[in-house]
Amino acid sequence: MLSVHTSPLDQPGTGDAGGMNVYVNELAQALADQGATVEIFTRATSSTLPDVVETGEGVLVRHVPAGPFHGMDKADLPGQLCAFTAGVLHAEAARPPGWYDVVHSHYWLSGHVGWLVADRWDVPLVHTMHTMAKVKNAALGPGDAPEPHGRIIGEEQVVAAADALVASTAEEAADLVELYDADPARVHVVAPGVDLDLFAPDGALDATALAAAQARARTALHLPLDEHVVLFAGRVQPLKAPDVLVRMLAELAARAAREGAGARVPLLVVLGGPSGSPTAVTALLELARGLGLADRVQVRPPVGRAELARWFRAADLVAMPSRSESFGLVAAEAQACGTPVVATGVGGLRTVVADGISGELVRGHDPLLWARAVGDLLADPARRAVLGAGARRHAEQMGWDAAAGAVLKVYDLAAQRRPAGP
C-alpha cells in the first residue's frame with residue numbers, strides 16, 4: 001500500500017490526517033487477518049521515526065525519506081514523488097524477486113508512485129481516490145480555494161493507468177465514470193468498514209440503557225449531564241463546514257428566546273484541529289463570540305479511537321455538515337455506537353446515513369434548515385432512541401472483514417485484467 005501524504009500512524013482529526021488514515025490502517029489489518037501480508041509506504045516527517053513499524057501481525061509501515069521533514073505542505077509533495085518512488089524501489093530491491101503481488105495506492109499522489117512501481121514490478125495497480133478534485137471544486141465552501149488544475153490532470157492519469165479502482169459508494173463510482181472517463185468494468189464499489197467491537201453501544205439499545213450509557217460517558221469526559229450535546233468530530237476546514245453548526249446555534253438561540261421558559265441552546269463540541277489554515281480554529285471561535293455563543297461552543301483536540309467512541313456515546317447526536325464526503329467514516333462509527341447522525345445529503349453520506357432510520361439528512365447548508373432538523377431531534381428523546389437503535393443496526397452491515405474480503409476479490413480481478421508481461 002502507498003499513502004504518500006499522510007501516515008496511518010498519524011492522529012486523525014487535524015492537518016491532513018482524517019478518515020483515509022483510519023481506512024488504510026483498518027483495511028491493512030483486516031487484509032492481514034485474512035492471510036495477506038501488507039507493507040504500507042508513507043513519507044517520513046521526522047528524523048526520529050523508525051524505518052519500519054509493525055502495527056499488527058502481518059502489517060508493516062515503512063517511512064520513506066522524501067524532502068525535508070518539516071515545512072512541507074501537501075501542495076509541495078508533487079515535487080517529491082520522484083524521491084519517494086526511489087525509496088519504494090530501493091526497499092523492494094532488498095526483497096526476493098516477485099515479493100509484491102499488488103500495489104494499492106491511496107489518493108492521487110500515491111497513485112503516481114504506484115503507476116511507476118507497479119509497471120516496474122509487473123503487478124496490478126489498484127487505486128482508491130478517497131477524494132476527487134472535480135467533486136471538491138463543485139462543492140467549495142466560503143473562502144475555500146479550489147484544487148489546482150495539476151491535480152485534476154494527475155487524477156485523470158491515475159484513473160487511466162489503474163487496473164482497478166475502488167470506490168466507497170455507488171455515487172463515487174459514478175463520478176469516476178462520468179467525470180474522469182473511467183472504464184466502468186474497472187470500477188468496484190467496496191464500502192469501508194467499521195470496527196464494530198470498538199465502536200459499540202455501552203449496553204442495550206433501549207431508551208433507558210442508552211441514556212444510562214450517555215451519562216456514564218459524560219461523567220468520564222466531564223461533560224454536563226443536564227445539557228444537550230451536539231458533537232462535530234473532524235478537521236476544522238471549510239470543506240467540513242463546522243461554521244454551519246455555529247450559525248445553526250444562533251438560529252436555535254433565537255428560537256429559545258422566542259419560547260422562553262428556560263429554553264437552552266445545545267452545547268456544540270468540536271473535536272478536531274485546524275486543517276489547511278492554521279487559524280481555522282481561531283476563526284471558528286471568533287465566529288461563535290461574534291454571535292454571542294462563546295459559552296456554547298467548545299473546541300477540543302482530536303482523541304484516540306477508544307476515546308472517540310466514548311465521545312460518540314456521550315453526545316445526543318453527531319452532526320456532519322460536510323460540503324463533500326466520499327464516504328463519511330465518522331458517521332458510520334458514530335452510528336455503530338448507537339448515536340444518531342444529522343448530515344448533509346451529499347456524497348457518501350447519503351449511503352452511510354439511512355435517512356429516518358439511523359439519522360437525518362439535511363438538504364444543503366442553510367443554518368435555519370439545520371436548526372430545524374437538530375432542534376426537533378433534540379426535543380424528542382424517544383425519537384432519538386429509536387434512531388440510535390437503528391443507527392447500530394445500520395452500522396452492523398459495515399464490518400471491516402467484509403470490506404477486506406471484497407478488496408481481495410478486486411485484487412484478483414485486477415491481476416486478471418492486467419496484460420501479461422513480456
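Which unit do strand 12, helix 11 and strand 13 make?

1. Strand 12, helix 11 (residues 329–336) and strand 13 make a right-handed β-α-β unit, where right-handed means that, with the strands pointing away from the viewer, the path from the first strand over the helix to the second runs clockwise. Helices (H or I, at least four residues) and strands (E, at least two) are DSSP runs, numbered from the N terminus.

2. The model is predicted, so to speak of local features requires a pLDDT of at least 70, side-chain atom pairs count only at pLDDT 80 or more, and totals for chains, interfaces and linings use all residues. Residues are numbered from 1 along each chain as its sequence is written, and side-chain values use heavy atoms, with hydrogens and water left out.

3. Strand 13 (residues 341–344) runs parallel to strand 12 (residues 317–320), to which three bridges join it, and parallel to strand 14 (residues 359–362), to which four bridges join it; two strands pair if DSSP finds at least two bridges between them. Val341 is the bridge partner of Val318, and in strand 14 the partner of Val341 is Gly359.

4. Helix 11 is largely enclosed by the rest of the structure, because eight of its eight residues are buried, among them Glu333 and Gln335. Just after helix 11, Gly338 takes a positive phi of about 85 degrees.

Definitions and conventions:
Buried < 20%, exposed > 50% of the residue type's maximum accessible area, 1.4 Å probe, protein only.
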